[in-house]
Amino acid sequence: MFSVFEYVLIAVYVAVLLVISRWIGQQAFSWMPPQATLEAQRVDDLFSFLVSIGAFIFLGLVGVIVYAIAFHRAPPEDYTEGHPSRGDARLEILWTATPTLLVVWIALQSFNIYQQLDILGLNQIVHLHTPLESAPAYAATVSDLPKPASETIDVFVKQWDWSFRYPNNVTSNQLHLPINLSTRLNLQAQDVIHGFYVPEFRLKQDIVPGRKIDIVLTPIRPGKYRLKDSQFSGTYFALMETDVYVESLDQYNQWLTQTATSEQIPINQAVAENIQPPKTLFNSGWYTVTPAQSGIANKRKLNNDT
């Protein structure tokens with residue numbers, strides 16, 4: 001049995017671990033890119049929480065191992081077996097109940113953050129529906145329905161090109177979003193599975209062919225970001241990037257007006273890569289999809305524009 005002094009030492013050790021783990025969890029915020037959406041703040045809170053738990057478990061186990069090595073080493077030439085721990089009901093309960101409670105705690109924290117996203121107008125972060133549906137079927141009650149997004153932008157993705165159609169039918173290969181306003185993105189893949197991912201936004205969503213997938217974003221940090229394809233989609237997958245601009249509502253409307261009255265021929269990096277002569281003598285002969293040149297914005301309808 002432990003003495004009172006040993007119980008006090010264990011309590012002090014656990015308290016120190018909690019303080020250090022909490023500090024490491026706070027440092028985790030600096031490990032991520034800048035928070036560019038309201039959603040990113042909630043995701044980072046969960047990430048910091050998980051880092052704190054992981055640090056507490058890691059440091060606790062390392063401390064026990066170091067203590068055992070320093071004070072409970074077997075003397076030289078002692079090859080006897082250690083005391084068996086099986087059959088100890090208290091120990092069995094401890095190492096069964098502790099992980100169970102920890103997992104339940106993590107689940108409750110995750111659910112709590114999900115509810116906070118609902119408060120910000122994200123009753124369902126991602127709503128998956130088929131094109132035949134006339135209206136989305138939300139599981140929440142009427143009072144819990146999310147606030148309507150200020151804009152709805154159609155996002156079309158194919159090998160290897162991003163295209164965006166705005167409410168005034170402007171089409172562009174750049175994604176522009178008004179700051180401090182919720183924007184609904186209607187994601188559609190025209191060939192294979194792609195992935196919508198902007199690191200600063202935190203929300204990442206796979207785009208499945210034959211389905212329309214909606215996500216709602218609320219940008220809060222102006223600037224220029226990069227949209228990446230998080231799913232491997234073929235030969236020119238590394239070139240599946242485009243610019244994302246978060247700007248004021250006036251700048252956003254001004255850009256829409258200018259783009260609607262001008263012709264733009266976007267540069268498709270996959271096309272530029274494809275027409276370059278081979279850089280090696282080796283030719284694998286593997287089949288690849290030849291990238292199609294992007295059409296002139298506002299002059300040629302997208303393949304899915306029906």
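The model is predicted, so to speak of local features takes a pLDDT of at least 70 and side-chain atom pairs count only at pLDDT 80 or more, while totals for chains, interfaces and linings use all residues. Residues are numbered from 1 along each chain as its sequence is written, and side-chain values use heavy atoms, with hydrogens and water left out.

Let's start with the helices; these (H or I, at least four residues) and the strands (E, at least two) are DSSP runs numbered from the N terminus. Two packed helices are described by the angle between their axes and the distance between the axes. Helix α1 (residues 4-27) packs on helix α2 (residues 38-71) at about 140°, and their axes are 8 Å apart. The axes are lines fitted to C-alpha atoms, for helices over the stretch in contact, with angles from 0 to 180 degrees between N-to-C directions. That angle makes α1 oblique to α2; under 35 degrees counts as roughly parallel, over 145 as roughly antiparallel, 65 to 115 as roughly perpendicular and the rest as oblique. On the α1 side the contact (heavy atoms within 4.5 Å) includes Y13, L17 and I24, and on the α2 side V51, F56 and L59 are among the residues they meet.

Next comes the sheet. It is open, with 5 strands in the order β5-β11-β10-β7-β8 and mixed pairing; two strands pair if DSSP finds at least two bridges between them. At the edges sit β5 (175-178) and β8 (204-207), each pairing on one side only. From one strand to the next, the twist averages 25°. Inside the sheet, β7 (residues 194-197) and β10 (residues 223-229) are antiparallel over 2 bridges, and F196 stands opposite D229 in β10. Helix α4 (residues 249-260) lies across β5 and β11 (241-247), at about 145° to β5.

Finally, look at β3 (residues 161-165). How many of its residues are buried? The count is 5 of the 5, so β3 is largely enclosed by the rest of the structure; buried means under 20% relative accessible area with a 1.4 Å probe, protein chains only. In a regular strand the side chains alternate between the two faces of the sheet. Here D161, S163 and R165 are buried on one side, and W162 and F164 on the other. Strand β2 (residues 151-158) pairs with β3 in the antiparallel sense over 5 bridges, with V155 opposite F164, and a hairpin joins the two through 2 residues. Strand β4 (residues 171-172) is also antiparallel to β3, joined by 2 bridges, and R165 stands opposite T171.

Note on methods. Buried < 20%, exposed > 50% of the residue type's maximum accessible area, 1.4 Å probe, protein only.
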